[in-house]
Amino acid sequence: MQTLSQPVASPLEHVDTTIPRRKTRAVPVGNITIGGGQPVVVQSMINEDTLDIEGSVAAIRRLHELGCEIVRVTVPSMGHAKALAEIRQKLIDTYQAVPLVADVHHNGMKIALEVAKHVDKVRINPGLYVFEKPRSDRTEFTQAEFDDVGNKIRETLEPLVISLRDQNKAMRIGVNHGSLAERMLFTYGDTPEGMVESALEFIRICESLDFRNLVISLKASRVPVMLAAYRLMAKRMDAEGMDYPLHLGVTEAGDGEYGRIKSTAGIGTLLAEGIGDTLRVSLTEAPEKEIPVCYSILQALGLRKTMVEYVACPSCGRTLFNLEEVLHKVREATNHLTGLDIAVMGCIVNGPGEMADADYGYVGKQPGYISLYRGRDEVNKVPEDQGVAALIDLIKSDDRWVDPE
């Protein structure tokens, strides 16, 4: 058998593993920028009634302190819109300015015009912004009827667009699969195509008024529909020379483990394809529970590094210590740090190889002892009961440790 004097380099050795993101324009939302090559932005929404000033201020602050960069509030009435002026001022006086988005729904032009004075972005739903109750006896939508509603939409949208344009504020055109307008349903069906056309209609009105501080979303509660809608939107925008950022989300994802998996399946898939500039994980839980899921998705894809990345083997018969228990101890001691990769490996067979990309390694090399690694190099061996403390000392010796608050 012929052998080679030098190994042939693997064709995968020099493959770039970073995710190339779709190029989008920069859209300012307060002191945060969505798109334009900036890190993917994390959003959530408070549950409090916006008329509850103190409760809303506290809820916004809680989210922001957890890392939520843009907070959305609902404004179903003119009273709610006016309350946002006081909410915004109280945040500035008692905490800091937080980028705020107002959600405007049914026939909301007057509300939107008022709230645009007090927030950084207004979110409208094309299916509800000019809302007309569907006719139960309708069998078709004529072109004249279609155009008539289109003209009404333009007439109603134009004042808001001009207000936001002149204030250099932003708008999210937020299409929902479950609330497409009647004429879109008749023309395109309950489809991703209908969602995309609904968004494009509003985009073109904004562009005709020289307003391009736009962010687009096309949410659905079914992941395959959501994926198809966003992919089609990106394709259509690319074809028409549009470069608007996309806000990702699986709407009404539910709660618990499945809600998190469902959100991750939709949001993570698109982010891995380079699609998406901001996201919200929509859980039927306290909004604070959404933020860790957002950051976990971004961290797993290498798009943001906001926590320690733990590498750990699944355990097997070779494992020389209680891997689950030790991983818990290591995590408890180090999870306040930022930007480190720490590996906890149960045996020497997989340890050094599988954890080669980690900054630090904690490996069961022989019964009763732990080997500590810096990168690929073994630097210390200590009794098992001293392992976590020795790991902390190693991190401190490299000046990469900070005390927990």
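These legends describe close-up views of a predicted model. Local features need pLDDT of at least 70 and side-chain atom pairs count only at pLDDT 80 or more, while totals for chains, interfaces and linings use all residues. Residues are numbered from 1 along each chain as its sequence is written, and side-chain values use heavy atoms, with hydrogens and water left out.

View 1. Helix α1 covers residues 53–65. Helices (H or I, at least four residues) and strands (E, at least two) are DSSP runs, numbered from the N terminus. The 13 residues of α1 should span 18 Å at 1.5 Å a residue, and the end C-alpha atoms are 18 Å apart, which agrees. The expected span is 1.5 Å times one less than the number of residues. Buried residues of α1 are Ile-53, Gly-55, Ser-56, Val-57, Ala-59, Ile-60, Leu-63 and His-64. Here buried means under 20% relative accessible area, exposed over 50%, and partly exposed in between (1.4 Å probe, protein chains only). An α-helix has 3.6 residues a turn, so residues three or four places apart point the same way. The cover over the buried residues of α1 includes strands β3 (41–45), β4 (70–74) and β5 (100–104), and helices α2 (78–94) and α10 (290–300). After α1 comes Gly-67, with a positive phi near 115°.

**View 2. Strand β6 beside β5.** Strand β6 spans residues 121–124. Lys-121 and Arg-123 point one way, Val-122 and Ile-124 the other, and all are buried. β5 and β6 run parallel and are joined by four bridges. Two strands pair if DSSP finds at least two bridges between them. Lys-121 of β6 stands opposite Val-101.

**View 3. Asn-176 in strand β7.** Asn-176 belongs to β7, residues 170–176. Its relative accessibility is 18%, so Asn-176 counts as buried. Neighbours within four places in sequence aside, Asn-176 is in contact (heavy atoms within 4.5 Å) with Arg-123, Asn-125, Met-195, Lys-219 and Thr-251.

**View 4. Helix α8 and its end.** The 17 residues of α8 should span 24 Å at 1.5 Å a residue; the end C-alpha atoms are 24 Å apart, in agreement. Val-223, Val-225, Met-226, Leu-227, Ala-229, Tyr-230, Met-233, Ala-234 and Met-237 are the buried residues of α8. They pack against helices α7 (192–208) and α9 (256–272), and against strands β8 (214–219) and β9 (247–248). Ala-239 is also found in α8, residues 223–239. Ala-239 is exposed, with a relative accessible area of 66%. Ala-239 and Gln-299 are 60 residues apart in sequence and 31 Å apart in space, C-alpha to C-alpha. Just after α8, Gly-241 takes a positive phi of about 70°.

**View 5. An open five-stranded sheet.** The strand order is β11-β12-β13-β14-β15, with mixed pairing. At the edges are β11 (309–312) and β15 (377–383), each pairing on one side only. From one strand to the next, the twist averages 25°. β12 and β13 run parallel, joined by four bridges. Met-345 has Val-363 of β13 as its bridge partner. Five of the seven residues of β13 are buried, so this strand is largely enclosed by the rest of the structure.

View 6. Six bridges join β13 to β14, running antiparallel. Gln-366 has Tyr-369 of β14 as its bridge partner. The hairpin of β13 and β14 has two residues between the strands, and in it Gly-368 takes a positive phi near 85°. β14 (residues 369–374) is joined to β15 by six bridges, also antiparallel. Tyr-373 has Glu-378 of β15 as its bridge partner.

**View 7. Helix α11, the sheet and helix α13.** Helix α11 (residues 323–334) lies across β11, β12 (341–345) and β13 (360–366), at about 160° to β12. Axes are lines fitted to C-alpha atoms, for helices over the stretch in contact, and angles run from 0 to 180 degrees between N-to-C directions. The axes of α11 and α13 (residues 387–397) come within 10 Å and cross at roughly 40°. Lys-329, Val-330, Ala-333 and Thr-334 of α11 meet Val-388, Leu-391, Ile-392 and Ile-395 of α13.
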